[in-house]
Amino acid sequence: MAGRAPFLPEKVARYIHEHSVREPLVLRELREATKAVPMSGMQIGADQGQFLQLLVQAIGARRCLEIGTYTGYSALAVALALPKDGRIICCDISEEWTAVGKPFWKRAGVEKKIDLRIGPALDTLNTLKGSFDFVFIDADKPNYANYYEACLPLVRRGGIIAIDNTLWSGWVAEKDRSDADTVALRAFNDKLHRDDRVALSMLPLGDGVTLALKA
């Protein structure tokens with residue numbers, strides 16, 4: 001099953017996958033190619049990629065932003081959902097990992113929709129202007145709050161920021177867990193819960209996805 005659903009019974013997760021997920025061949029092939037890449041577990045599931053596509057289509061997004069691209073699965077999923085004039089700017093620090101996705105972007109005919117920026121994401125964000133419709137954050141966890149604050153002014157009113165891994169295998173709910181990533185995510189979740197600049201929903205999809213809609 002091409003997805004992760006640690007918070008659901010296996011038979012329920014399988015039923016949802018079998019009755020919901022419609023993963024295009026090019027995305028499935030990129031998923032298979034990613035298995036040979038270090039830390040391949042970082043890749044989002046097919047169900048989550050499809051959910052991002054639905055969000056992009058539902059809000060009529062044309063200008064998107066991604067923090068953390070890895071091998072490019074989520075970027076490809078979003079690009080496939082964008083209209084012909086849509087674009088997604090992708091921020092990542094790895095030439096090696098993002099190179100895995102480039103042939104699949106080209107094969108899907110969406111390479112011109114994807115603007116890959118290699119370098120520290122906060123530096124890239126500081127150069128951006130204009131208004132974005134949709135943002136996906138899936139990068140180093142201690143910087144989540146910084147990425148969020150840098151992205152929020154760039155998002156239009158009614159735009160959505162989706163943040164991955166906010167349940168972190170459920171470890172955020174374990175008070176005795178004190179590693180840096182868990183502590184950072186726990187603090188970030190607390191921050192968003194208090195943030196009246198956005199409407200908020202935390203979903204047990206994949207490893208936890210939080211949606212923040214800019215008010």
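How many salt bridges does the count come to in this structure? The count comes to 12 salt bridges, in a model that is predicted. The legends below describe selected close-up views.

**Figure 1. Salt-bridge network of Glu149, Lys191, Asp195 and Arg197.** These four residues are linked in a network of salt bridges. Arg197 pairs with Glu149, and the closest N and O atoms of the two are 2.8 Å apart. This pair joins distant parts of the chain, 48 residues apart: Glu149 belongs to helix α7 (residues 144-151), whereas Arg197 is in the loop between α8 (180-193) and β6 (198-203). Arg197 also forms a salt bridge with Asp195, with 2.9 Å between the closest N and O atoms. Arg197 is partly exposed, at a relative accessible area of 36%, and Glu149, at 29%, is likewise partly exposed. Asp195, by contrast, is buried, with a relative accessible area of 10%. Side chains of opposite charge can pair when their charged atoms come close.

**Figure 2. The salt bridge between Lys141 and Asp138.** In this pair the closest N and O atoms are 3.5 Å apart. Both partners, Lys141 and Asp138, are buried.

**Figure 3. The largest nonpolar core and the surroundings of Phe134.** The largest nonpolar core holds 33 residues, of which Val56, Cys64, Leu76, Val78, Ile114 and Phe134 touch the most other members. Helix α4 (residues 73-81) supplies the largest share of this core, with 7 residues. A second, separate core has 28 residues, among them Ile89, Val135, Tyr147 and Leu154. When neighbours within four places in sequence are left aside, the contacts of Phe134 are Leu52, Leu55, Val56, Ile59, Ala61, Arg63, Cys64, Leu65, Val78, Ile160 and Ala162. In soluble globular proteins, nonpolar side chains tend to be buried together.

**Figure 4. Ser74 in helix α4.** Ser74 has its place in helix α4. The residue is buried, with a relative accessible area of 5%. Not counting residues up to four places away in sequence, Ser74 touches Ile44, Leu52, Glu66 and Phe136.

Figure 5. The disulfide count comes to 0. For Cys64, the closest cysteine sulfur is that of Cys90; because the two sulfur atoms are 9.3 Å apart, they are too far from each other for a bond. Cys64 is buried, with a relative accessible area of 0%. Cys151 is in no disulfide either, and the nearest cysteine sulfur, in Cys91, is 7.6 Å away. Cys151 counts as buried, its relative accessibility being 0%. A disulfide would require the sulfur atoms to be within 2.5 Å.

**Figure 6. Ile161 in strand β5.** Ile161 is part of strand β5 (residues 155-164). At 1% relative accessibility, Ile161 counts as buried. Its C-alpha atom is separated by 4.6 Å from that of Val135, although Ile161 and Val135 are 26 residues apart along the chain. With residues up to four places away in sequence not counted, Ile161 touches Val135, Ile137, Tyr148, Cys151, Leu152, Val155, Thr210, Leu211 and Ala212.

Figure 7. Trp168 is not a glycine, yet it has a positive phi of about 50°. Ser169, also not a glycine, has a positive phi of about 60°. Trp168 is buried, with a relative accessible area of 17%, whereas Ser169 is partly exposed, with a relative accessible area of 40%.

**Figure 8. A nonpolar surface patch of Leu8, Val12 and Ile16.** Leu8, Val12 and Ile16 form this patch on the surface, and together they have about 200 Å² of accessible area. Val12 is found in helix α1 (residues 10-20). Val12 counts as partly exposed because its relative accessibility is 33%.

Terms used: Residues numbered from 1 in each chain as written. Predicted model: local features only at pLDDT ≥ 70, side-chain atom pairs only at ≥ 80, totals over all residues. Heavy atoms only, no water. Patch = residues over 30% accessible without salt bridge, like charges linked within 9 Å, V, L, I, M, F, W, Y side chains within 5 Å. Areas by Shrake-Rupley, 256 points an atom, 1.4 Å probe, with all protein chains shown as cover. Salt bridge = Lys/Arg side-chain N within 4 Å of Asp/Glu carboxyl O. Helix = DSSP H or I, 4+ residues; strand = E, 2+ residues; numbered from the N terminus. Buried < 20%, exposed > 50% of the residue type's maximum accessible area, 1.4 Å probe, protein only. Core = buried A, V, L, I, M, F, W, Y, C linked by side-chain atoms within 4.5 Å. Contact = heavy atoms within 4.5 Å.
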